[in-house]
Every structure is written in structure tokens, then in C-alpha cells.
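Subject: The structure you were waiting for

Hi,

Here is the structure to open next to your notes. Have a look at it first, and then read on for what turned up.

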Amino acid sequence: MTKRVFEAWKGSNKFILGGRLVFGPDAKSLPATLLLIIVPVVLFCVFVARHLRHEFSPYNAGYAILVLAILFTIYVLILLSFTSARDPGIVPRNSHPPEEELRYETTISADGRQTPSVQIPRTKEVIVNGISVRVKYCDTCMLYRPPRCSHCSICNNCVERFDHHCPWVGQCIGLRNYRYFFMFVSSATLLCIYVFSMSALYIKILMDNQHGTVWRAMKESPWAVVLMVYCFIALWFVGGLTGFHLYLISTNQTTYENFRYRPNSRMIVYNRGCAKNFMEVFCSKVKPSRNNFRAFIEEEPPRVVTLPSTTRESAEAEDDNVARRQKVEDDLDIGDDLMNFSQRCNSEDANNDQPHNTVDIDPERAATIRTETRHESWGRRSGNWDVASTDVRESRNYAAAKDGRG
Ligand SMILES: [Zn+2]
Ligand SMILES: [Zn+2]
């Protein structure tokens, strides 16, 4: 039976409704977040807004307070679902390292024997808006991360324009849901302010009606007091977060970049001026998902990689290695695996009893190695690197790539 993409998904995501909705692995915190929003609003409607209905009697304007609270809460919950139930911008994994990046090297040892090896540069340089940016190779996803992309250790995916992993919404915040995340946080701030001020208004009205003190009014409606305290505390959290993200948006930074890098040229690369930065977040079209979680997985035909060879014996040894390599395929660390592969070739050669008179230095000959046959298509839609409207060009820099791992 052919599986769907979400059924064979290698990240830690949780899927429901047959892959239509995708969450992070910690989505179980979502009900708690929902309760933190819904319970105070229900208390507000029952103990405050219900009494305010008839306070502005000539026009029944009091009803508007109740209706507005309910509608605004629904709006906040819709934004929450847009943030946490959709693809945040996951870059689909490759089933094998990018072939065009593989380097085939033959090292010649002191005794004249040749050892073929396959390597992949750990980093490469791409040009973003005319400035060179180094991007890293992800061993797990077997791809060069696009600029601003990072691997989320919780979801175990590379996510484009990775901002952070939010435990409250149980999802990564990235290219495709950052706008909704910000709207959710800022709307929650407004909801807090609204509930706080309406509760304060109710206390004021109780005071005026009974010509009493503020303490008597507070005793009369303890729930209004509880709501004011709750909103005051919550306001520090969501309000602070809103302010911080307003600063990040105005300077076109992600939370990850802000915590990770000192303010340097790396930030300036993406900063297009305050107004354009806001336009980029709020007015640009949300990129379609690169993943079709419901697509059926198609089996790819076995891939063939040719390696320059030295001897027939070494080709056979390589075939052995390939057979052994298939067993560790699920370690996912194929990048490292390829490194080990070349090291193993070295050690195999060292253990080889036959001296170097078997070496046949013929550059024309090549040993053909069949690599893993279990390659699947992950329902990928697009492989373009597209950092919003910035100009990204790619240039491989193998010299610089040699050092930095990770
Ligand atoms: Zn990755
Ligand atoms: Zn995540």
C-alpha cells in the first residue's frame, strides 16, 4: 500500500485530519493556551459584560461590549489556529545528499595507493542583496539551508525564516506563520486591555450607582477584580512580546538572529528600511507550502553514483561498504556517513594484505556504486531559494567550506 507523505514523515510533527493540519510535537500545550484565553473571557461575559448590558440603556449600547468581547475572542482563536495548525515553512528533506555538491576525491598515500572518497562541503557562500552569506549544510535534512533557515531541534525540521519554536502554540514560528503569530500576540494584548478596561468601568459604575467606596464596589464584584489582576499580569507577557516583535519587524530580524548574532552586517543584509520591513511581513503574499502532506509517496528508481576508482579490489570493497551503509541509513547523518565512508576506505586499504603492486592508475576507469534504493519523493513543490523579495544568488566556496562544520 502506498503511504501518504505525512504517514512517513521523518520530522516530529503531529498530523490530524489525514495530514490536513500539522502541529509541532508539543501541541498538547495548545489546550492549556486555549483555556488561558477562553476561561477569562467566559468569566468576563458572565460576571461583567452581562451586567453592563443595560447600563447604557437609551441605545442598548451595553450589548456591544458583550458582543465585541465574543467576536474579538473568536478572531484571536482563528489567528491561533492559523499559527499552530499549518506548515510554518518546512523545507522538505532530501532523500540523498545533493549530487551536484558532492566532491569526488582521490587521495594518494605515501606508498602510492589511491583512495577514492566522497565529500560534501559543510558550508557554502550565497549572495543575498549583494552581500555574501554563508549557509550551512544540514546533515539531517541533507540540504543546504536557504538563508535565514534553521533546523528546529524540537520539530526536527529545517524551517525557512526560522524565528523560534513557540511552546505556547506548540509550533515553529517561521516564514509562513510569522504574520499570524504576531497578529495573535498583538490581538491577545488588545483583548487583555479591553477586558481590563471594561472590568474597571464596571467597578466605576458600581461605585457611582451606590455612592460607595472603591473597596465596596470591589467586594460587590470580586470577579471583576480577579479579571483585572489576571489581565494586568498577562499584559506584561503578551504586551512585552508585542513590543519586542514590533522592534524585530522594524529592523527585519528574527528572534533567532537577534539572540544569536551581535548586530552586524548580517542584520543589515535583510533590513530594507522600516516601512518596507513592515510591508514584507504584513503585505507580502504568504508563500505556498513546499510540502504536500497528503500526497502519495512515489518510489524513485535506484540512483547511480559513479566514483573514480583505483582497483577492482577497491571497487569490491566499496560494494561491501555500500551494503553495510544501507544498515545505518536510518541514522540520517548521511553527511557524516559519507565522511566515515571515506575513512573506512582508508582503513580497509590499510588492512589490505595486498601491496601496492595491485594499484592500477587509470583515471578513465570508474567503479559504479549503487546507493540506497529506498528513495522517496516527499511531495516537494518547489526548490527555489527565495528570501521574500531579496535577491539571492549562489556561489560555491569550497575553500571556505573546508573548516566550519555543524
Ligand atoms: Zn535540517
Ligand atoms: Zn519547531
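One definition before anything else: a crossing of two helices is called left-handed if the near helix is turned anticlockwise from the far one by less than a right angle, and right-handed if it is turned clockwise. Please also keep in mind that this is a predicted model.

**The chain overall**

The protein chain has 406 residues, of which 28% count as buried. Its secondary structure comes to eleven helices and 17 strands. If you take the contacts between residues at least 6 apart in sequence, 70% of them join residues at least 24 apart.

H2 passes H3 in a left-handed crossing. Helix H2 covers residues 62-84 and helix H3 covers residues 178-210; their axes are 9 Å apart and meet at an angle of about 155°. Angles over 145 degrees count as roughly antiparallel, and H2 and H3 are therefore roughly antiparallel to each other.

Which residues make this contact? From H2 they include Ile65, Ala69, Phe72, Val76 and Leu80, and from H3 they include Tyr180, Phe184, Ala188, Leu191 and Met198. The residues of the H2 and H3 contact divide into 16 nonpolar, three polar and no charged.

H2 packs with helix H1 (residues 30-52) as well, at an angle of about 175° and with the axes 9 Å apart. That makes H1 roughly antiparallel to H2. On the H1 side the contact includes Leu30, Ile37, Val41, Phe44 and Arg50, while the H2 side includes Gly62, Leu66, Ile70, Thr73 and Leu77. Here the division is 13 nonpolar, three polar and one charged. Ile65, Ala69, Thr73 and Val76 of H2 are listed in the contact with H1, and these four are also listed in the contact with H3.

One residue of H3 is worth a click: Lys204 sits in this helix. Is Lys204 buried or exposed? Lys204 has 12 other C-beta atoms within 10 Å, so it is exposed. From Lys204 to Val214 is ten residues in sequence and 7.7 Å in space, C-alpha to C-alpha.

**Hairpins**

Now to the strands. Strand E4 (residues 103-108) is hardly covered, since the count of buried residues among its six residues is zero. E4 pairs with strand E5 (residues 114-119) in the antiparallel sense, over six bridges. Ile108 stands opposite Gln114 in E5. The hairpin of E4 and E5 has five residues between the strands, and Gly112 takes a positive phi near 90° there.

Strand E6 (residues 123-128) pairs with E7 over six bridges, again in the antiparallel sense. Val126 stands opposite Val133 in E7. There are two residues between the strands in the hairpin of E6 and E7, where Asn129 has a positive phi near 50°.

E7 goes on to pair with E8 over two bridges, in the antiparallel sense. Tyr137 has Tyr144 of E8 as its bridge partner. E7 and E8 form a hairpin with four residues between them, and Met142 lies in the loop between strand E7 (131-138) and strand E8 (143-144). Phi of Met142 is near 55°, a positive value in a residue other than glycine. With 19 C-beta neighbours inside 10 Å, Met142 counts as partly exposed.

Leu17 is another residue other than glycine with a positive phi, near 55°. Where is Leu17 found? It is in the loop between strand E1 (14-16) and strand E2 (21-23). Leu17 has 9 other C-beta atoms within 10 Å and is exposed.

**An open sheet**

The last item is a sheet of three strands, open and in the order E3-E10-E9, with antiparallel pairing. Strand E3 (90-91) and strand E9 (150-152) stand at the edges with a single partner strand each, so one side of each is left without a neighbour in the sheet. E9 is joined to strand E10 (residues 157-159) by three bridges, and the two run antiparallel. One of the paired positions is His151, whose bridge partner in E10 is Cys158.

Best wishes

Key:
Residues are numbered from 1 along each chain as its sequence is written. Chains are lettered from A and ligands numbered from 1 in the order in which they are written. This is a predicted model: local features need pLDDT of at least 70, side-chain atom pairs count only at pLDDT 80 or more; totals for chains, interfaces and linings use all residues. Axes are lines fitted to C-alpha atoms, for helices over the stretch in contact, and angles run from 0 to 180 degrees between N-to-C directions. Angles under 35 degrees count as roughly parallel, over 145 as roughly antiparallel, 65 to 115 as roughly perpendicular and the rest as oblique. Two residues are in contact if their C-beta atoms, placed from the backbone, lie within 7 Å. Ala, Val, Leu, Ile, Met, Phe, Trp, Tyr, Cys and Pro count as nonpolar, Asp, Glu, Lys and Arg as charged, and the others, Gly among them, as polar. Two strands pair if DSSP finds at least two bridges between them. A residue is buried if 20 or more other C-beta atoms lie within 10 Å of its own, exposed if 12 or fewer, and partly exposed in between; C-beta atoms are placed from the backbone.
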